[in-house]
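Trainee: I've got the model open on my screen. Could you walk me through it?

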Amino acid sequence: MVLAVGVVLAVLLVCLLGLGAFAVRRRLIQRPGGTFDCSARLHVPPPPAPGESADEAGGKGWIFGIARYNNDSVEWFRVFSWAPRPRRVLERSQIEVIERRTPEGQEELALLSGAVVLVCTHAGEPLELAMSEDALTGFLAWLEAAPPGQRVNVA
């Protein structure tokens, strides 16, 4: 009986430490400022084949994250990760915005409420970002505020 209680307490302690690590990591990421909630779909599925529903893969592949401005790049961190480094670094000069749209079908369930999807490419690779309307305004303003001589591709 004592062994079972000890095991349960150890498991609870490990769970609490894990949750605490998530909270501390998020606080450290947000500490310098310039952060916003930003879901990302790093591997954009191809468009549906003729006769296939767009809803089938619509909500798949989205990952909740936090983005942080860092000079001429945006660092993107996964929310549910212990990694201290960003998962992706998006250089301002390599981002090309193609379009913005509202979430469709299953995406409405996979993304935060009120999110806007930004379809873009980074270094020629397709990428989709989902963020609030306010964060989108700031992101587009940051893109357009590139130093003189840098090309900016905002649709």
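Trainee: Let's start with the strands: what is the bridge partner of alanine 40 in E8?

Mentor: Keep in mind that this is a predicted model. Strand E2 (residues 39–41) runs antiparallel to E8, and 3 bridges join them. Look across from alanine 40 and its bridge partner in E8 is leucine 129.

Trainee: And how many bridges join strand E7 to E8?

Mentor: These two also run antiparallel, with E7 spanning residues 116–122. E7 and E8 form a hairpin with 2 residues between the strands, where alanine 123 takes a positive phi near 55°. As for bridges joining E7 to E8, the number is 7.

Trainee: Now the rings: why does the pair of tyrosine 69 and tryptophan 142 count as tilted?

Mentor: The structure holds 4 aromatic pairs. In this one, the ring centres are 5.4 Å apart and the planes sit at 45°. Stacked needs under 30 degrees and edge-to-face over 60, so this pair is tilted.

Trainee: Which parts does that pair tie together?

Mentor: Tryptophan 142 is buried at 11% relative accessible area, while tyrosine 69, at 25%, is partly exposed. The two are 73 residues apart in sequence, so the pair ties together strand E3 (residues 65–70) and helix H4 (residues 133–144).

Trainee: Which residues form the aromatic cluster?

Mentor: Phenylalanine 139 and tryptophan 142 lie in H4, about one turn of the helix apart. Both are buried. The one cluster is Phe36, Tyr69, Phe139 and Trp142.

Terms used: Residues are numbered from 1 along each chain as its sequence is written. This is a predicted model: local features need pLDDT of at least 70, side-chain atom pairs count only at pLDDT 80 or more; totals for chains, interfaces and linings use all residues. Side-chain values use heavy atoms; hydrogens and water are left out. Rings of Phe, Tyr and Trp (its six-membered ring) pair if their centres lie within 6.5 Å; planes under 30 degrees apart count as stacked, over 60 as edge-to-face and the rest as tilted. Helices (H or I, at least four residues) and strands (E, at least two) are DSSP runs, numbered from the N terminus. Buried means under 20% relative accessible area, exposed over 50%, partly exposed in between (1.4 Å probe, protein chains only). Two strands pair if DSSP finds at least two bridges between them.
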